[in-house]
Amino acid sequence: MELLSGADMLIRSLQDEGIEYIYGYPGGAALHIYDALFRQDKVKHILVRHEQAAVHMADGYARATGKPGTVLVTSGPGATNTITGIATAFMDSIPMVVLCGQVASTLIGEDAFQETDMIGVSRPVVKHNLSVRHPEEIPEVIRKAYYIAATGRPGPVVVDIPKDMTTPNERYEYSYPKKVKLRSYNPAVRGHAGQIKKAVDMLLAAKRPMIYAGGGVILGQASDQLIELTRMLGYPITNTLMGIGCYPATDKQHLGWLGMHGTYESNMAMHHSDLILCVGARFDDRVTNATEKFCPGARIVHIDIDPASISKTIEADVPIVGPVDAVLKEMIALVKESKEKPDAEALSAWWKQIEEWRAFHGMRYETSSDAIKPQEVIEALWRLTNGEAYVASDVGQHQMFAAQYYKFDKPNRWINSGGLGTMGFGLPAAMGVKLTHPDAEVLCVTGEGSIQMNIQELSTCKQYDLPVKIVNLNNQALGMVKQWQDMNYESRHSQSYMESLPDFIKLAEAYGHVGIRIEKREDLEPKLKEALAMKDKLVFLDIYVDRFEHVYPMQVARGSMKDMWLSKTERV
Amino acid sequence: MRRIISVLLENEPGALSRVVGLFSQRNYNIETLTVAPTEDETLSRLTVTTTGSDKVIEQITKQLNKLIEVVKLVDLTEGSHIERELMLVKLKATGSQRAEIKRTVDIFRGQIVDVTSSVYTIQLAGDSEKLDGFIQAVGTAGVLEVVRSGVSGIARGEKILSI
């Protein structure tokens with residue numbers, strides 16, 4: 001058997017795990033590992049400019065490919081800088097392994113230089129964390145970390161590696177475990193047959209059914225099954241912000257997404273439904289609005305891999321714990337063999353009602369002023385990229401506009417921080433996508449607030465030649481904060497106005513990229529085309545948009561799903 | 001409602017902090033907590049008493065089960081069970097009080113485990129209400145110090161919590 005040092009075992013384990021890329025930043029406690037990395041070329045390391053960006057890159061990679069991302073950082077500040085990224089991944093159940101250097105085990109607890117209790121600091125925002133206590137354990141710890149990160153409800157796993165676990169001249173026998181077994185961790189592999197049967201019976205008996213799908217469909221790679229079941233039944237479907245792309249947005253059965261900034265028709269249909277089939281979603285507060293007023297006439301079937309997501313905020317009538325793809329497959333088979341068919345008459349009346357709702361609002365927006373509307377920028381991008389782009393978004397109004405007006409027909413293409421709402425996520429996430437999809441169009445839709453939270457990564461883009469297109473919807477304000485201040489604080493814009501913005505064009509050029517400013521509506525399409533034609537260049541599009549625009553529809557706070565503002569003046 | 005949740009936990013460093021962290025992170029109550037290794041040295045047995053609505057208790061058990069190091073758990077209050085808590089209490093005991101305290105200790109089936117000329121140290125086991133009752137009976141004025149172990153519990157009859 002081969003003898004390897006702890007550091008070499010770590011890198012070999014990553015190779016044997018099939019890891020292509022790791023994103024990171026070196027430092028004292030991780031130097032043995034970085035040296036082992038230098039002496040091989042299978043695992044490629046991407047050097048970021050701030051550790052938070054490394055985590056978002058790994059996250060973008062994981063969301064686009066479905067495979068766990070990998071991060072490597074040093075102890076202390078290197079490790080603590082990853083926390084926002086880890087929390088972002090945790091809230092959206094993104095599989096990821098974060099390898100952190102640590103001071104030597106003999107120094108732990110002595111307040112050594114760059115010592116932080118990373119196991120303690122990360123505990124509330126990880127699926128699990130592991131500490132290496134002996135170099136020989138490294139292969140098993142790494143195998144366990146990826147196994148836990150990627151199975152069941154996925155999530156980030158932190159591995160803490162004291163420096164003396166990776167000492168170069170101490171060698172141990174290396175073998176990578178094929179399998180790992182944890183007696184206390186057994187994610188469900190199929191749903192309960194009786195519950196599935198009950199759910200199908202209820203589904204077929206429904207008069208006003210609604211399918212409500214979430215990010216779990218994308219994580220569980222169950223889009224095909226969801227599409228098959230939905231089309232077979234002919235029922236309306238909505239999805240959450242995290243579920244965007246799990247069902248084709250341009251399909252006539254799709255009502256757009258739901259919740260705080262969801263479509264009028266989705267929210268109305270949810271409120272008036274008599275049966276909700278929830279697939280891999282978690283009745284988040286941004287979806288339900290006031291839980292006590294949520295969908296009063298609906299019975300609820302809830303499919304989720306995580307039992308703790310079921311009946312957490314909204315009580316399920318039929319809970320089904322299991323992987324969504326397996327459960328949906330069984331449901332499809334049962335619908336096929338069932339003598340009962342959906343009630344055609346009820347369904348046609350239900351669709352007639354839904355079409356009226358759809359026509360009533362139709363995602364219209366005001367275009368009478370000269371100012372470029374953020375919505376029309378997104379619509380133009382959708383047209384010009386044939387709806388095929390990967391869109392990584394930051395957080396704020398631009399995120400909502402991108403989600404509303406870019407019609408995603410495929411999963412894994414809408415990359416956003418839905419749960420934690422992390423500004424600064426967009427650019428590094430887009431970079432993680434571009435790295436593994438070099439031929440795909442990758443857009444980062446952002447605002448002048450968010451982009452400045454990780455702007456330093458323009459340098460990483462230069463180093464690794466990552467020609468993403470940055471679409472900065474510049475309204476010279478923290479738009480979403482300002483919108484809330486307009487609606488709830490009599491337009492007192494406390495700290496939501498961005499003074500002294502940089503010249504983003506010069507900034508992009510300083511980092512070796514191209515900058516294009518767009519200020520007039522007639523320049524919008526030609527300049528977007530010009531930017532998209534520069535396949536091998538990162539283009540920073542600084543687009544001056546209407547400073548006063550709000551995102552609509554918007555649910556009325558503490559109301560039911562159907563209580564919405566449809567514009568600055570219309571409330572339903 | 002008060003519940004006693006009994007947990008089999010991997011006997012590993014950091015496992016206990018995950019359980020305790022979960023309670024504070026999700027805003028659940030811990031009234032008492034006891035933990036010690038079992039006859040199988042790879043496992044610890046942890047007993048936590050908590051209060052909450054049925055919905056909250058359901059979430060607590062589900063969230064506990066999600067912790068990788070939690071092997072198995074049971075809500076003992078769902079069935080008939082035995083619960084015990086150990087209390088050591090120092091009482092001021094001088095003059096005529098000494099006989100009176102001795103009688104009360106006997107009634108509660110406790111033992112005087114240490115004696116000085118002015119202090120009795122008493123050991124008492126039972127459910128939490130019985131221990132409260134003893135303190136009430138002797139009166140808080142004479143109590144110098146109290147230490148309670150927190151609740152341990154086990155199901156009655158054939159039911160066992162093991163792997």
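**Chain A: the annotated spans**

Start by selecting residues 5–117 of chain A, which the unreviewed UniProt entry annotates as "domain: Thiamine pyrophosphate enzyme N-terminal TPP-binding". Keep in mind that this is a predicted model. Colour the span by secondary structure: helix makes up 42% of residues 5–117 of chain A, and strand 19%. Now pick the end C-alpha atoms of that span; they are 24 Å apart.

Next, select residues 196–330 of chain A. UniProt, again in an unreviewed entry, lists them as "domain: Thiamine pyrophosphate enzyme central". Here the chain is 34% helix and 20% strand. The end C-alpha atoms of residues 196–330 of chain A lie 7 Å apart.

**A stop at A:Gly18**

Go to A:Gly18. It sits in the loop that runs between helix H1 (6–16) and strand S2 (21–25) of chain A. Buried or exposed? A:Gly18 counts as exposed, because it has 10 C-beta neighbours inside 10 Å, and a residue with 12 or fewer is exposed. A:Gly18 and A:Val43 are 25 residues apart in sequence, yet their C-alpha atoms are 8.6 Å apart in space.

**Where the chains touch**

Show both chains. Their contact takes 15 residues from chain B and 13 residues from chain A. Highlight three elements of chain B: helix H1 (15–25), helix H2 (54–66) and strand S4 (70–75). Each supplies at least two residues of the side that touches chain A. Which element gives the most? H2(B) does, with five residues. Colour this side of chain B by residue class: you will find four nonpolar, five polar and six charged residues.

**Chain B as a whole**

Chain B has four helices and nine strands. Trace the chain along its sequence and the pattern reads β-α-β-β-α-β-β-α-β-β-α-β-β. Along the principal axes, the C-alpha atoms of chain B fill a box of roughly 55 × 35 × 35 Å. Of its 163 residues, 26% count as buried. Take the contacts in chain B between residues at least 6 apart in sequence: 73% of them join residues at least 24 apart.

Six residues from domain 1 of chain B and four residues from domain 2 of chain B make up the contact. On the domain 1 side, look at strand S2 (32–37) and strand S3 (43–51) of chain B, which each supply at least two residues. S2(B) gives the most, with three residues. By class, this side of domain 1 of chain B has two nonpolar, four polar and no charged residues.

**Last stop: helix H4 of chain B**

Select residues 128–138 of chain B, which form helix H4. Show side chains for B:Leu131, B:Phe134 and B:Val138, the buried residues of the helix. Look down the axis of H4(B): its buried residues fall within an arc of 55°, so they line one face of the helix. What covers them? The cover includes strand S5 (81–92), helix H3 (97–107), strand S7 (119–126) and strand S8 (143–148) of chain B.

Now turn to the face of H4(B) pointing away from the buried side. It carries the exposed residues B:Glu129, B:Gln136 and B:Ala137.

Conventions:
Residues numbered from 1 in each chain as written. Chains lettered and ligands numbered in written order. Predicted model: local features only at pLDDT ≥ 70, side-chain atom pairs only at ≥ 80, totals over all residues. Buried ≥ 20, exposed ≤ 12 C-beta atoms within 10 Å, placed from the backbone. Contact = placed C-beta atoms within 7 Å. Nonpolar A, V, L, I, M, F, W, Y, C, P; charged D, E, K, R; others polar. UniProt positions renumbered as here; feature names shortened; annotations may be inferred. Arc of directions from axis to C-beta.
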